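This briefing covers the fold, the sheet, the helix packing and some backbone details of one protein model. Please keep the structure open while reading.

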Amino acid sequence: MPERLTRPVKRSSTSPSTANTRPHKRHCTFSAISEVGQGESETKHLHKRTHSLCEVEQQLGGDGINAELIGDFSKVHALPTVTGRHQGLKYITVDTMSALLEGKSSCLVEYFSVVDCCYPYEYQGGHIKGALSMPNTDEAVDHLQSQRLKAHSPDKRLVLVLHCEFSSERVPRTCRLLRSVDRSMNKYPALHYPELYILKGGYRDFYHSHIDSGLLG
């Protein structure tokens, strides 16, 4: 009898502890491995999707990030864009600007205009070759709206690139006003100028990067 009593007592005291501990460890380990595996799989899948999307957008003239549409929502941007100081406005780098000036974007862009919003003394001190001097925001908007420039080919674009000395305040203000007036003059979502770009870093960065390029006036 004592032996019979002792054995069941020992089994009942150790068995529940072992039963409770081992499945718990297995469960945690399995769960962690499963979550890590799924995370890696999802990350790889997302990377592949993003990479493929970038390739398609580059072929279509997109920004290589998220295929945002131009102002009239008809197509993706012709020029690759980068993030800038002001959300909602599209920025291009100085290298993209030089490529545009050198005609490397002619497969998509039929006509472009560079609008220089620097003060007159800044413009006279140096400017991008061919840029239009429009230091006054209201006058710049009125002039562009009166011109109503447009591309003749339906498959190509007209783009405006605006900049000032640093492209930090004057140009964003001009872009917002131009888009606002453009909206008011057209039936939504149509626009005279659906593609507006800001030269990131302004004339200062372009000058330092392309001082010997022959693209300065």
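The model is predicted: local features need pLDDT of at least 70, side-chain atom pairs count only at pLDDT 80 or more, and totals for chains, interfaces and linings use all residues. Residues are numbered from 1 along each chain as its sequence is written, and side-chain values use heavy atoms, with hydrogens and water left out. The protein contains 6 helices and 5 strands; helices (H or I, at least four residues) and strands (E, at least two) are DSSP runs, numbered from the N terminus. Read from the N terminus, the order of elements is α-β-α-β-α-β-α-β-α-β-α.

**Overall figures**

- The protein has 217 residues, of which 36% are buried; buried means under 20% relative accessible area, exposed over 50%, and partly exposed in between (1.4 Å probe, protein chains only).
- Its accessible surface is about 13,600 Å², and carbon and sulfur atoms account for 54% of that surface. Accessible areas come from the Shrake-Rupley method with a 1.4 Å probe, and for residues only the protein chains shown count as cover.
- Of the contacts between residues at least 6 apart in sequence, 64% join residues at least 24 apart; a contact means heavy atoms within 4.5 Å.

**The sheet**

- The 5 strands form an open sheet in the order β1-β5-β4-β2-β3, with parallel pairing. Two strands pair if DSSP finds at least two bridges between them.
- At the edges are β1 (91–92) and β3, each of which pairs on one side only.
- In general, strands of a sheet pair through backbone hydrogen bonds, either parallel or antiparallel.
- β1 and β5 are parallel and share 2 bridges, and I92 has L199 of β5 as its bridge partner.
- β4 and β5 are also parallel, joined by 3 bridges; here L162 stands opposite I198 of β5.
- β2 (residues 109–116) and β4 (residues 157–163) pair in the parallel sense over 7 bridges, with V109 bridged to R157 of β4.
- β2 runs parallel to β3 (residues 132–133) and is joined to that strand by 2 bridges. On the β3 side, L132 is opposite V115 and S133 is opposite D116.
- In a regular strand the side chains alternate between the two faces of the sheet.
- β5 is covered on both faces: L196 and I198 are buried on one side, and Y197 and L199 are buried on the other.

- α2 (residues 94–101) lies across β1, β2, β4 and β5 (196–199), and runs at about 125 degrees to β2. Axes are lines fitted to C-alpha atoms, for helices over the stretch in contact, and angles run from 0 to 180 degrees between N-to-C directions.
- α2 is mostly covered, with 6 of its 8 residues buried: V94, T96, M97, S98, A99 and L100.
- These buried residues pack against β1, β2, β4, β5 and α6.
- Just after α2, G103 has a positive phi of about 80 degrees.

**Packing of α2 on α6**

- Two packed helices are described by the angle between their axes and the distance between the axes.
- For α2 and α6 (residues 202–209), the angle is about 75 degrees and the axes are 10 Å apart.
- The two helices α2 and α6 are therefore roughly perpendicular (65 to 115 degrees; angles under 35 count as roughly parallel, over 145 as roughly antiparallel and the rest as oblique).
- α2 contributes V94, M97, S98 and L101 to the contact, and α6 contributes D205, F206 and S209.
- By class, the contact residues are 4 nonpolar, 2 polar and 1 charged. Ala, Val, Leu, Ile, Met, Phe, Trp, Tyr, Cys and Pro count as nonpolar, Asp, Glu, Lys and Arg as charged, and the others, Gly among them, as polar.

**Backbone details in the loops**

- The Y188 to P189 peptide bond is cis, with omega near 5 degrees; P189 is in the loop between α5 (170–185) and β5.
- F73, in the loop between α1 (2–60) and β1, is a residue other than glycine with a positive phi, near 65 degrees. F73 counts as partly exposed, at 42% relative accessibility.
- S167, in the loop between β4 and α5, is likewise a residue other than glycine with a positive phi, near 55 degrees. S167 is buried, with a relative accessible area of 4%.
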